[in-house]
Amino acid sequence: MNVACRIVDLQEEYIKLFNDQLPLIQSGSPEKMNSLREEAIKIFEEKGIPSNKVEAYKYTNLQPYFKGSLNLAFTNEAAHTDVTQHFHCEVPQLNTYNVFLVNGWFSAKDSDTNLPDGVVVCSMREAAEKAPEAFEKHYGEIAPTKEDSLVAMNTAFAQDGAFIYVPKGVVLEKPIQVVNIMTGDEDRLAFQRNLIIVEENAQLKMMLCDHTMSAQRFVVNTVTEVFANQNSVFDVYNVQNQHNLTTQVQGLYVHQKKHSNILTNNLTLHSGIARNNVGVIMDDEQCESHVYGLYLTDKNQHVDNFTSINHDKPNCQSFELFKGVMDDSSTAAFTGKVFVAKDAQKTNAYQSNNNLLLTQNAKINSKPQLEIYADDVKCSHGATVGQLDDEAMFYLRARGINQDESRVLLMFAFAYEVIEKIRVEPLKEQIRGLVEKRFRGEFDKCDSCVVCGQPGSNASCL
C-alpha cells in the first residue's frame, strides 16, 4: 500500500501521517520495533526535520527535501520487483553473498540463503524469530534516537531492512553485499532500518551499495546499528551511486567491545544531496576503529559527512581520514568530533580532513574537533583546503603529459590514500577505476552497471 501525502508543515503532517497509519506501520513488525515507535515520534515532534539552525546540521538544511508530494510504501514492494533481472555483480573476482532491498524492504526471493551454519541474514521483520535474544538486546540501543530527530523519525516509521547476525567464532570468507534499490514511477520517501551483530571472535566484511533504478525524486532515511563484540573484526564499505534527484540521509552507528577492530569507508561517487552520519562508541579497552571517506561532487551536488568517535575506555585507537574533491558549483561539509573521556588514558586518536576545490565556485565547510578530558593521550586533528598544485602540474606538463591528463593524475593521487584503505582487493580495484572515470568526466550518469550490473540506466544524468 502506497500512501501519498503533500508535506507542507513538516512536523504536523508527518505526525498526522504516523497517527493515521500506525496500525499499518505496526502490522507484521516485531514487538521490539513497535514498542519504540511512540517515544520516537514524540522526540521527532519536539525536534522536527533539522534545518541549518540545528548545530549538527548547520551546513545542510534538510527541510526543503522532505517537503512536496512523496509516496510512502507501507507494504512490501520487493515481492513484485525482479531485481536480479537488472542487477548482477560485475566486479571482477568479487564473490559475495548478495542481499537486495527495494524501497527499504528486504527481498527474500532475490537474496542468498546459502550461508555458513549459524549465520542469519534476513528481513528485520523476521529477526525476532530467527535470532530473538540478539535482536531484543541490541535493536534501538545503539543509534542516538534521543539526540537526532532523523534517527527518531526512522525509529517511528521504519518497517523493514536487513538483519545480519554472525555467531561466535565464525569468519565469513566472502563479503556480504547489500544492494539498496530505489525504484518506482512516483516520487518516494523510504525508511530502512538495519541491524548487524558480529559476535565474539567473528569476522564480517560488508558492502552497502545504494542505487536508483528510475528517474524519480527519492528521499531515503536509513539507520544502521552495528554491535562488534570482543575480538571481532568488522568492515563496511558504503558505495553511494544515486542520481541527482536523490536525497540520502544515512546513519551508521557502531558499538565496540574489547579488542574489536572496525573499519568504515564511505565512498560517495554520485548523489544529489547526501548526509552521512557515522558514530563510533569504544566501550571497552583495546578497541581500534578506522573511519574513512571519499566524496566527489560536481554540478550542484552536496555531501555532508558528520562523524563522532567516542573513546570511553583506556588504551583505544582511532584513525579518521576524509577526503573530498569538489567541482563546478558543488558544495560539501565535514564535521568530525573525537571525544576522549576522563578515564580513557593511553588513547591514540588521529583525525584529518583534506579537500580539493577545482573551481572558484566550489565550496567546503570543514570543522574537525577534539574534546579531551584525559591527560595521557596522543591526539591530533587537522583540515586542509586547496587547489591543484601548480608546481606538480608544471612537472607533469614538462614531461609531455597534456593538461587534462595531468589534472586527472593529480586528482587521483589526492584520492588514492582513501581508496587504499579498502581491505577487499577486487572492490579496491573497481573503485580505483570508477574514481578515475569520474575525474575524466565519464561518470555523469549512473554507473551501477559497472558496480553491480544495471544495464542501460541513465537515471543519474539528471
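**View 1. Histidine 259 and glutamine 286 sit in loops of this predicted model.** Histidine 259 belongs to the loop between β12 (246-256) and β13 (261-270); strands (E, at least two residues) and helices (H or I, at least four) are DSSP runs numbered from the N terminus. Its phi is near 65 degrees, a positive value in a residue other than glycine. With a relative accessibility of 41%, histidine 259 counts as partly exposed, a class that lies between buried (under 20% relative accessible area) and exposed (over 50%), using a 1.4 Å probe and protein chains only. Glutamine 286, in the loop between β14 and β15 (288-297), also has a positive phi, near 60 degrees. Glutamine 286 is partly exposed, at 38% relative accessible area.

A word on reading these views: residues are numbered from 1 along each chain as its sequence is written, and side-chain values use heavy atoms, with hydrogens and water left out. Because the model is predicted, local features need pLDDT of at least 70 and side-chain atom pairs count only at pLDDT 80 or more, while totals for chains, interfaces and linings use all residues.

**View 2. Asparagine 277 is buried in strand β14.** Strand β14 spans residues 273-282, and asparagine 277 has a relative accessible area of 6%. Its side chain makes a polar contact with the side chain of arginine 275 at 2.7 Å. Such a contact is a pair of N or O atoms within 3.5 Å; within protein, one must be able to donate a hydrogen and the other to accept it, and residues adjacent in sequence count only if both atoms are side-chain atoms. Leaving aside neighbours within four places in sequence, asparagine 277 is in contact (heavy atoms within 4.5 Å) with residues including Tyr57, Asp148 and Phe306.

**View 3. Two charged ends sit over rings.** Arginine 275 has its charged end over the ring of tyrosine 57, 3.8 Å from the ring centre. Likewise, the charged end of lysine 323 lies over the ring of phenylalanine 414, 4.7 Å from its centre. The rule asks for NZ of Lys or CZ of Arg within 6 Å of the ring centre and within 35 degrees of the ring normal.

**View 4. Phenylalanine 339 and tyrosine 373 form a tilted ring pair.** Rings of Phe, Tyr and Trp (its six-membered ring) pair if their centres lie within 6.5 Å; planes under 30 degrees apart are stacked, over 60 edge-to-face and the rest tilted. This rule gives eleven aromatic pairs. Here the centres are 5.6 Å apart and the planes at 55 degrees, so the pair is tilted. Phenylalanine 339 is in strand β18 (residues 331-340) and tyrosine 373 in the loop between β20 (363-372) and β21 (377-386), so the pair ties together parts 34 residues apart in sequence. Phenylalanine 339 is partly exposed at 21%, and tyrosine 373 is partly exposed at 48%.

**View 5. The largest nonpolar core has 44 residues.** A nonpolar core is a set of buried Ala, Val, Leu, Ile, Met, Phe, Trp, Tyr and Cys residues joined through side-chain atoms within 4.5 Å. Those with the most contacts inside this core are Ile164, Ile176, Leu204, Met206 and Phe234. Strand β14 gives the most to the core, with four residues. Methionine 206 touches Val178, Ile196 and Tyr237, among others, not counting residues up to four places away in sequence. A second, separate core has 33 residues, including Leu396, Leu410, Ile422 and Leu427.
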